[in-house]
Structure formats: C-alpha cells, structure tokens
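Please look over the sequence and the 3D structure shown here. The briefing after them is arranged by topic.

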Amino acid sequence: MAEIYGVIRNQDRRVMPSVNGERVLVLLIQNEQPYRQTLVNLEFAFAIFQNLPDGNYSIIVRHPDLNPTEAVYGQRLSENTILGLRFVYNEPQQSLVTIVVEVNEL
Amino acid sequence: MKTTDEISQSELLAGLRYTVYSEGQTLKREVEAIHRVTVSHQLAQWSAKLAEIEKESSRTQPTIKPEESQVQVDSIDELRNLVYAENEKLWKEKDLTLRVTIVDGLAKWSARLADMEAKEAKKAAGRVEKERSNSIKETPEKDGIPLF
C-alpha cells in the first residue's frame, strides 16, 4: 500500500495551513475519480493519505485565494511507495512558487 | 468520496513522522543561514512533539536519556551530521522502544542545533555588515567627497 503526504510551506520554509483565515484543502484523485479530501492539519500544515492501492493519483491543493486556485501534481504510485509533496507558496503574493517532490520506499 | 475535516491520531503520528524526516532532509540541503535557522527550529519543535506522541502511543520511555548519552559534539558541523544521522535512523527504525529513545535524542540535539544555527546566522550577518561598512570606508574620496 502506498502513502501520500502533502505539506504546505511559505517562502520562508514556515508552515502555511491557512490563507485569510480559511484552511487549505487537499484533494486526492485516483484514476481520474475524486477519491478523498481533507483539510490540512492546523499545526503542521500537512495532509496524509494512507493505504492507497497502486494506481494513478493526482494531488490537488485547493484554496480560493491562492494562485492557482488548484495546484495539481500527478504521479503513478506502485506498492510501498511514499510520495512526499511540498507545495511552496509566496505568502504575501499568495502564489505557488514550486512543488518539491520526494519519493521513498516503505 | 471520503471527506475529513480533522486527521485522526494515528494519521497525526504518521504525518508527524514524515514531517520530521522531511524537515531533516530539507535541513541537509538548505544552504541559506536564515532558512537553516527556521528549519532547525521547526525540526526541534516537531521532534519534541513527536517524542511526546511516540511515548504516549507506545507507553514506553527512552532507554537512554540524551543527557546520559556518550556522544560528544564540538562543532556545528558535527552536530549537523549527528542530527541528520539520527533523523535517518528514526525514519528506518520499526521498534517502538528504540524509536522513543532516538526521537528523544533527536529532539534535544536538534534544539541545540537550532541555537547554534541562530548564533551562526547572527555571526554571518555581522560579517556581511562589517564588510559593507569597510567597503564604504574604502570608497575613494577627494576633499571629503566620495568618488564613484
């Protein structure tokens, strides 16, 4: 089973769980179908999806005040893979800077 | 589609484990002093929180306390290497009692590293300031008016 961790950070490497008082939402698409969604944790700004069967996944970070409103990263996951995604935003400009990807084996 | 507003305790533990691991990797790659301060501070804070949750969930205490550890570190580079090595060890360790011991040590070492990184960043900022003031003094002057 695979796992996906998504974390939201600002340009200073600090956690960014919310924008304008509204928490960031992370949506998981499995084989082109919406699968799960969760709000990021308030203290650590991460979302976690565990026990995922192998397949094609897209992780969408969604917030109405961020640019883009939906930041998407897609990857095929095989068994025992841990995919770590760090969505880095410029907080004053509320815009996506980069997505840092880390792949580990369980 | 399953929707969750709050993550469960087991998800929090798993997520925090990954966050600590990932922060350790970031710290290794980070070259800017100011960012090293932020990342090492967050690593210290989160590994302390992880140590707390690991102790609670496994109901065990560390077998060796960090203050009883025989490890000696004299320089910031040694401490950086130690924090990185302990972080890697923690990520791979499956035994719950050993995990508690490692994360307890990591929390203490990374807190010490955060302090040293802050001092190092202050020193670096001081060096830049000194160089800047020297370069201003060295600006050639004629009759007290700087020549550019």
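Predicted model: local features only at pLDDT ≥ 70, side-chain atom pairs only at ≥ 80, totals over all residues.

Residues are numbered from 1 along each chain as its sequence is written, chains are lettered from A and ligands numbered from 1 in the order in which they are written, and side-chain values use heavy atoms, with hydrogens and water left out.

**The sheet in chain A**

- Four strands of chain A form an open sheet with mixed pairing, in the order β6-β1-β9-β10. Strands here are DSSP runs of E with at least two residues, helices are runs of H or I with at least four, and both are numbered from the N terminus. Two strands pair if DSSP finds at least two bridges between them.
- β6 and β10 (95–105) of chain A are at the edges with a single partner strand each, so one side of each has no neighbour in the sheet.
- From one strand to the next, the twist averages 15°. Axes for such angles are lines fitted to C-alpha atoms, for helices over the stretch in contact, and the angles run from 0 to 180 degrees between N-to-C directions.

**Strand β1 of chain A**

- Is strand β1 (residues 2–10) of chain A largely enclosed or left open, and why? Nine of its nine residues are buried, so the strand is largely enclosed by the rest of the structure. Buried means under 20% relative accessible area, exposed over 50%, and partly exposed in between (1.4 Å probe, protein chains only).
- A:Ala2, A:Ile4, A:Gly6, A:Ile8 and A:Asn10 point one way from β1(A), while A:Glu3, A:Tyr5, A:Val7 and A:Arg9 point the other way.
- With strand β6 (residues 46–52) of chain A, β1(A) pairs in the antiparallel sense over five bridges. A:Ala2 has A:Leu52 as its bridge partner in β6(A), and A:Ile4 stands opposite A:Phe49.
- With strand β9 (residues 81–90) of chain A, β1(A) runs parallel, joined by eight bridges. The partner of A:Glu3 there is A:Ile82.

**Nonpolar cores**

- The largest nonpolar core has 33 residues, and A:Phe46, B:Val20, B:Leu50, B:Val83 and B:Leu90 have the most contacts inside it. Such a core is a set of buried Ala, Val, Leu, Ile, Met, Phe, Trp, Tyr and Cys residues joined through side-chain atoms within 4.5 Å.
- At least two residues of this core come from each of β1 and β6 of chain A and α1 (9–29), α2 (33–58), α3 (76–92) and α4 (96–137) of chain B. α1(B) gives the most, with eight residues.
- Another core, of 23 residues, lies apart from this one and includes A:Ala2, A:Leu52, A:Ala71 and A:Leu77.

**A buried residue in chain B**

- B:Glu117 is in helix α4 of chain B. B:Glu117 is buried, with a relative accessible area of 2%.
- Beyond its neighbours within four places in sequence, B:Glu117 is in contact (heavy atoms within 4.5 Å) with B:Arg36, B:Val37, B:Ser40, B:Ile76 and B:Arg80.

**Chain B overall**

- Chain B has four helices and three strands, which run β-α-α-α-α-β-β from the N terminus on.
- Of the 148 residues in chain B, 41% are buried.
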